[in-house]
Amino acid sequence: MDAVNEAIVEAGSSSKPAEGLTSSKDGLTGRVLVCSGGRYESQANAQIRESIMDGWADCFGEDNVTAVHISAAASSIRILKPTIVFAIGSYLPESTYFGEVCREAKKIGAVTVFWATEDPYEQDANYRIADDFDVIFSCDRWGHNFYQRERVFHLPLAASPKLHYGEIEADSEKTIDVLFCGVAFTNRKDIVRNLLPVLRDLNIKIVGPGWGELGIGFSDARIEKSQLVELYRRSKLVLNLGRSLSFENKRFVIAPSTPGPRTFEAALAGAFQVFHEDTHEIRRYYSADEIPVFSNRVDFEQLVATYLDNNDLRVKMARKAQARTQAEHLYKHRIQYALRVLKDEGLIG
């Protein structure tokens, strides 16, 4: 079941609803300004920003959604007079200061929202945004409980049809037995080293910064997101391993709970994923006949025995996961949920 749709939104607020936002059978009208800060230029965050933009455009239309860097946000608010100022990304860098942005938004009566897409890895620094925004959304279910303020909601990341969708072809040639693309964080290396007795007998492609030292089948290369869909198409099993790199997460040492965006992106791309189950709440998003899980080498060996040579079953499950993503886990679904929260909180009409 979709985790977002499970959430219960507490209604009621004395704040005056923003004007200029209306709903109709065909969608919503209004103007939205999307802004992000210090890590705006990184590839991963730029893709998430673009994906979120697509979600807003699905609801408001492309002409009514504008994206700017935080350095230009305050002046853009004065010129564009948006209904909603929607900040995204990281709040950790010292250069990421949203106070002026929110003050300008308040002058014109705009609703201010922040979607923290790096939780819980930076959560010690959330005081930098805690007092500025009307509403905060956190991408992590467990992490969202550690904000010391009202109006904080969980909003997981998602996938974009424009960037991530791939056709599932039952007869496509699969030249890779097991694929993983991503940085070799310590926890990921520990998991993969434990799986090596199984992986050594397979044709593997483990790629990303830090993997090359492990030998044949491993590479330090960086893969562009545009290349991933093709790699998914050529792979039988796609490993899904969470990360454990925390920049500022020492106060409560919050363990990540919600699956990251790659889970939704890979499912939409048609990958057959095998998910390493640790603290991640995968079953809130996908069933066992969509994405199977493992927690140790014995489990993984069983998954390999069950699925590696069963193309029909893999295709069937990948299609189910893709259909689930299209129905529940696109960025337009997240934006629709965010708008329901704003309405229930009395911030928009």
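**Close-up views of a predicted model**

**View 1. Glu 104 and Lys 107 in helix H4.** Glu 104 and Lys 107 lie about one helical turn from each other, because they are three residues apart in helix H4 (residues 99-107). The model shown is predicted. The two side chains form a salt bridge, with an N to O distance of 3.1 Å. Glu 104 is buried, at a relative accessible area of 10%. Lys 107, by contrast, is exposed, at 65%. The pair also belongs to a network of salt bridges that includes Arg 78. In the whole structure, a search finds 14 salt bridges.

**View 2. The salt bridge between Arg 193 and Glu 213.** The closest N and O atoms of this pair are 3.5 Å apart. Glu 213 is exposed, with a relative accessible area of 57%. Arg 193 is partly exposed, and its value is 39%.

**View 3. The salt bridge between Glu 290 and Arg 324.** Here the N to O distance is 3.1 Å. Glu 290 is in the loop between strand S13 (273-276) and strand S14 (293-294), and Arg 324 is in helix H11 (residues 311-328), so this pair ties together parts 34 residues apart in sequence. Glu 290 is buried, with a relative accessible area of 7%.

**View 4. An open sheet of six strands.** The strands follow the order S11-S10-S9-S12-S13-S14, and their pairing is parallel. S11 and S14 are the edge strands, each of them pairing on one side only. Within the sheet, strand S9 (residues 176-181) pairs with S10 over four bridges in the parallel sense. Phe 180 has Ile 206 in S10 as its bridge partner.

**View 5. Lys 81, a residue with positive phi.** Most residues other than glycine have a negative phi. Lys 81 is not glycine, yet its phi is positive, near 50°. This residue is found in the loop between helix H3 (70-80) and strand S5 (84-89). Lys 81 is exposed, with a relative accessible area of 53%.

**View 6. Arg 151, another residue with positive phi.** Phi of Arg 151 is near 60°, again a positive value in a residue other than glycine. The loop between strand S7 (135-138) and strand S8 (152-154) holds Arg 151. Arg 151 is buried, at a relative accessible area of 18%, because buried means under 20%.

**View 7. Confidence along the chain.** The mean pLDDT of the chain is 83, and 78% of the residues score at least 70. Confidence is highest in H11, at a mean of 98, and lowest in helix H1 (residues 3-6), at a mean of 40. Residues 1-19 have a pLDDT below 50, and in the model this stretch makes 50 contacts beyond near neighbours in sequence. The pLDDT is also under 50 over residues 22-27, where the model has five contacts beyond four places in sequence.

Technical notes: Residues are numbered from 1 along each chain as its sequence is written. This is a predicted model: local features need pLDDT of at least 70, side-chain atom pairs count only at pLDDT 80 or more; totals for chains, interfaces and linings use all residues. Side-chain values use heavy atoms; hydrogens and water are left out. A salt bridge is a side-chain nitrogen of Lys or Arg within 4 Å of a carboxyl oxygen of Asp or Glu. Helices (H or I, at least four residues) and strands (E, at least two) are DSSP runs, numbered from the N terminus. Buried means under 20% relative accessible area, exposed over 50%, partly exposed in between (1.4 Å probe, protein chains only). Two strands pair if DSSP finds at least two bridges between them. pLDDT is the predictor's confidence in each residue, from 0 to 100. Contact means heavy atoms within 4.5 Å.
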